[in-house]
Each structure stands twice: as structure tokens, then as C-alpha cells.
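User: I'd like to learn how to read a helical protein model. Could you walk me through one, feature by feature?

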Amino acid sequence: MCGLGMSSTDCCYSVLCPYCAAYQLRGRALHGDWSRFTCCQGSMPCSGSCGESKCPKFCAVTEVCCCFTLSVATTRFMLQDELRIQNTKCDNCIIGTMFVLQYLNCICSIVACLTDIPLIDEAALITDRVADIAYCSVCACMQTQHKMEMDKRDGLIEPRDGTVVRAPPTQHMMK
């Protein structure tokens with residue numbers, strides 16, 4: 001995710017302004033055609049019935065603010081479909097670790113509610129902070145990765161291996 005070849009400026013922007021980055025990246029993923037926007041790109045029961053056709057940019061802002069994680073994931077899925085990209089084993093490991101930390105936080109919080117043990121309350125607080133840090137880091141790195149992929153797609157940067165993907169040259173038939 002936030003790895004070699006990724007701009008530290010892009011990563012910092014995604015950390016400091018995650019909602020702005022998510023909104024802008026969704027617009028780029030849609031190629032600037034907001035008429036194609038659907039809340040969560042159709043992955044939720046409310047998708048298509050939120051007034052997206054009348055006011056897509058407002059609905060996108062609402063989606064980013066109310067369903068931030070889903071917004072980032074939806075942009076990721078859109079790009080993976082369009083560019084035929086799959087998660088790497090490292091991506092899956094990082095995302096899985098984030099999920100495990102969130103579940104651990106949930107379990108500790110439930111146990112802390114059911115008991116009156118100060119040590120459990122402390123553990124719940126610590127796991128909450130660790131899970132939040134992991135969550136913020138993963139979302140920022142994902143958004144940076146999205147930007148880099150779209151920069152490659154749009155020809156703003158060359159792919160990492162130095163090859164430029166271009167259409168094949170025009171061929172002429174010979175007699």
C-alpha cells in the first residue's frame with residue numbers, strides 16, 4: 001500500500017484530509033462523469049434511491065462523511081474492476097490485520113462493559129487506539145495507492161517497471 005514509488009505528499013494528504021481525498025478520488029475513478037455516481041456504487045440497499053441522479057456531488061460528500069470506509073473500499077473495487085488489478089498477498093495481510101484489530105477492540109469493549117475490572121477497561125482503551133491507528137493508516141495508504149493507479153491510468157506517470165502501456169501501432173495490409 002503506502003510503499004515504494006508512492007508520493008509522501010499524497011500519503012500525507014490522505015492522512016490529514018481523508019474525506020477530501022476520498023471525494024476527489026471517487027470523482028477521478030468516475031473519469032469526472034458524476035452522472036455515473038451511485039451511492040456505494042450499488043453495493044448497499046439504499047443505492048440509487050438517495051437522489052444521486054439529481055445531486056450526485058452532494059450525495060458523494062454525504063457518502064464520504066457517513067460511510068467513509070465503504071467509500072474508500074468502493075473506489076478500490078471500481079479501480080480493481082476497471083484496471084483488472086487484484087489485491088496482493090501483502091494487501092490482504094494488511095487489510096486482514098486491520099479487521100483482526102477491529103474485532104479485538106470490539107471483544108475487549110464488550111468484556112469491559114460486562115465486567116468491572118480496571119485492567120480490562122485499560123485493555124479496551126489501548127486496543128481501541130491501536131485499531132484506530134491501523135484503520136487510519138490503511139485507509140490513507142489505500143487512497144494513495146488509488147491515486148497512483150489513476151495517475152498511471154491517465155498517463156500522468158509511467159508504470160514502475162518503466163514500460164509505457166500504449167495502443168499497438170497502426171498496421172497496413174500488404175498484397
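User: Let's start with Met78: which residues is Met78 in contact with, leaving aside its neighbours within four places in sequence?

Analyst: Contact means heavy atoms within 4.5 Å. By that rule Met78 is in contact with Arg26, Ala29, Leu30 and Gln41, once neighbours within four places in sequence are left aside. One caution: this is a predicted model, where local features need pLDDT of at least 70, side-chain atom pairs count only at pLDDT 80 or more, and totals for chains, interfaces and linings use all residues. Residues are numbered from 1 along each chain as its sequence is written, and side-chain values use heavy atoms, with hydrogens and water left out.

User: Which residues make up the largest nonpolar core?

Analyst: A nonpolar core is a set of buried Ala, Val, Leu, Ile, Met, Phe, Trp, Tyr and Cys residues joined through side-chain atoms within 4.5 Å. Buried means under 20% relative accessible area, exposed over 50%, and partly exposed in between (1.4 Å probe, protein chains only). Here the largest core has 10 residues: Leu25, Ala29, Leu30, Trp34, Phe37, Cys59, Ala60, Met78, Leu79 and Met150. At least two of its residues come from each of α2 (18-29), α3 (56-66) and α4 (68-83). Another core, of 9 residues, lies apart from it and includes Val72, Ile95, Cys139 and Met142.

User: How many helices and strands does the protein have?

Analyst: Helices (H or I, at least four residues) and strands (E, at least two) are DSSP runs, numbered from the N terminus. This protein has 6 helices and 0 strands. Of its 175 residues, 31% are buried.

User: How should I read the packing of two helices, and at what angle do α2 and α6 pack?

Analyst: Two packed helices are described by the angle between their axes and the distance between the axes. Axes are lines fitted to C-alpha atoms, for helices over the stretch in contact, and angles run from 0 to 180 degrees between N-to-C directions. For α2 and α6 (residues 118-153), the angle is about 30° and the axes are 10 Å apart. Angles under 35 degrees count as roughly parallel, over 145 as roughly antiparallel, 65 to 115 as roughly perpendicular and the rest as oblique. The two helices α2 and α6 are therefore roughly parallel. On the α2 side, Pro18, Ala21, Ala22, Leu25, Arg28 and Ala29 meet Gln143, His146, Lys147, Met150, Asp151 and Arg153 of α6.

User: And what is the angle between α4 and α6?

Analyst: α4 and α6 pack at about 30°, with axes 10 Å apart, and are therefore roughly parallel too. Among the residues making this contact are Val72, Thr75 and Leu79 of α4 and Cys139, His146 and Met150 of α6.

User: Is Thr75 buried or exposed?

Analyst: Thr75, in helix α4, is buried, with a relative accessible area of 2%. Not counting residues up to four places away in sequence, Thr75 touches Leu25, Arg26, Ala29 and His146.

User: Which residues should I check for backbone phi?

Analyst: Most residues other than glycine have a negative phi. His31 is not a glycine, yet has a positive phi of about 60°. His31 sits in the loop between α2 and α3 and is partly exposed, at 44% relative accessible area. Arg84, also not a glycine, has a positive phi of about 55°. Arg84 is in the loop between α4 and α5 (89-114) and is exposed, with a relative accessible area of 77%.
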